Amino acid sequence: MTIQVKEKKIHDYGNDQLVLEGNQFMVPQTNAFGHNFRDYNNAQSERQKGVENFYKTQHINQTYDFVKKMKQNYAKLDKAKMSIWECCELLNEVVDDSDPDLDEPQIQHLLQSAEAIRKDYPNEDWLHLTALIHDLGKIIVLPKFGGLPQWAVVGDTFPVGCAFDESVIHHKYFKENQDFENPIYNTKNGIYSEGCGLENVIMSWGHDDYMYMVAKENGTTLPSAGLFIIRYHSFYPLHKNGAYKHLMNEEDKENLKWLHIFNKYDLYSKSKVHVNVEEVKPYYMSLIEKYFPAKLRW
């Protein structure tokens, strides 16, 4: 599906580089701060210290009971009625404190991801749109949508109701989570059964699950793989480290292939080089009309 390439071009913007080989997106060597991507051990960076503190707070507070409470509250979808694009514009107010790779407004990350995928997979329009909307759930950090603390909105996700796998970033902080010593939750399967399917697994609460809920309950026609990407794109223990695969069913395994494709663009397209919003807006508006109703309940 990728475009054939002949020529490599490197556009240098200080510490930031966009690497294109022909028209195809290539993985850059460093993030927008000149460090390795997802480098959580750079002690020299104040942002890195903030990221570790974020994960300490997240790991202590993301309990099974907390997640159940959040899911019940947000399942009402009573916060607003608005279009997908209106929600994209709201993300100009959000910066992700858990992200060591970028401190830009979120709408730029969405467009950077979507445009990079669009170049390499021009015929998969559902994937372009999935990239555009995958982080829209971050609006729950805004007061109108609950004003949740960032540890309940962003960051890597993981199942609750079973043992916290050691591959989860900053795993050591789970020792202060009340579920850590609970015999109901601290075994490999916990309350689940092998092969039960990720749809039946309760994930830590955040923007992923919220946007999945919004899309599904508003009747999106995105394919199963699109919804899987939305729900599990922050589930790095699975798609980076292979943890929790014993809970997957066959459909999950097929969808994971698309998530692996998507993740390259989600992670490595983050840049301080902005996309011209008005230039690309008509294309994405046409996709929104194709796959979503005009107004959604949020």
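These legends walk through several close-up views of a predicted model.

Residues are numbered from 1 along each chain as its sequence is written. Because the model is predicted, local features need pLDDT of at least 70 and side-chain atom pairs count only at pLDDT 80 or more, while totals for chains, interfaces and linings use all residues; side-chain values use heavy atoms, with hydrogens and water left out.

**View 1**
The secondary structure comes to 10 helices and five strands (DSSP runs numbered from the N terminus, with helices being H or I of at least four residues and strands being E of at least two). Of the 298 residues in the chain, 55% count as buried (under 20% relative accessible area; exposed is over 50% and partly exposed lies in between, with a 1.4 Å probe and protein chains only). Take the contacts between residues at least 6 apart in sequence: 75% of them join residues at least 24 apart (contact means heavy atoms within 4.5 Å).

**View 1. Helices α4 and α10 cross each other.**
Here α4 (residues 106-120) meets α10 (residues 277-291), with axes that come within 12 Å and cross at roughly 65° (axes are lines fitted to C-alpha atoms, for helices over the stretch in contact, and angles run from 0 to 180 degrees between N-to-C directions). The crossing of α4 past α10 is left-handed (the near helix is turned anticlockwise from the far one by less than a right angle; clockwise would be right-handed). From α4, look for Gln-108, Leu-111, Ala-114, Glu-115 and Arg-118; α10 brings Val-277, Val-280, Tyr-283 and Tyr-284 to the contact. By class, the contact has six nonpolar, one polar and two charged residues (Ala, Val, Leu, Ile, Met, Phe, Trp, Tyr, Cys and Pro count as nonpolar, Asp, Glu, Lys and Arg as charged, and the others, Gly among them, as polar).

**View 2. Helix α7 sits largely enclosed by the rest of the structure.**
This helix spans residues 224-232, and eight of its nine residues are buried, so the rest of the structure largely encloses it.

A polar atom of the Thr-157 side chain lies 3.3 Å from the backbone nitrogen of Phe-235. Leaving aside neighbours within four places in sequence, Thr-157 is in contact with Met-203, Ser-204, Asp-208, Ser-234, Phe-235, Tyr-236 and Pro-237.

Leu-77 is not a glycine, yet has a positive phi of about 50°. You will find Leu-77 in the loop between α2 (64-74) and β4 (81-82), buried with a relative accessible area of 5%. His-170, also not a glycine, has a positive phi of about 55°. The loop between α5 and α6 holds His-170, which counts as buried at 12% relative accessibility.

For Cys-87, the nearest cysteine sulfur is that of Cys-88, 6.4 Å away. Cys-87 counts as buried, at 0% relative accessibility. For Cys-196, the nearest cysteine sulfur belongs to Cys-162, 8.9 Å away. Cys-196 also counts as buried, at 18% relative accessibility.

How values were computed
Disulfide = S-S within 2.5 Å. Polar contact = N/O pair within 3.5 Å; in protein donor to acceptor, adjacent residues only side chain to side chain.
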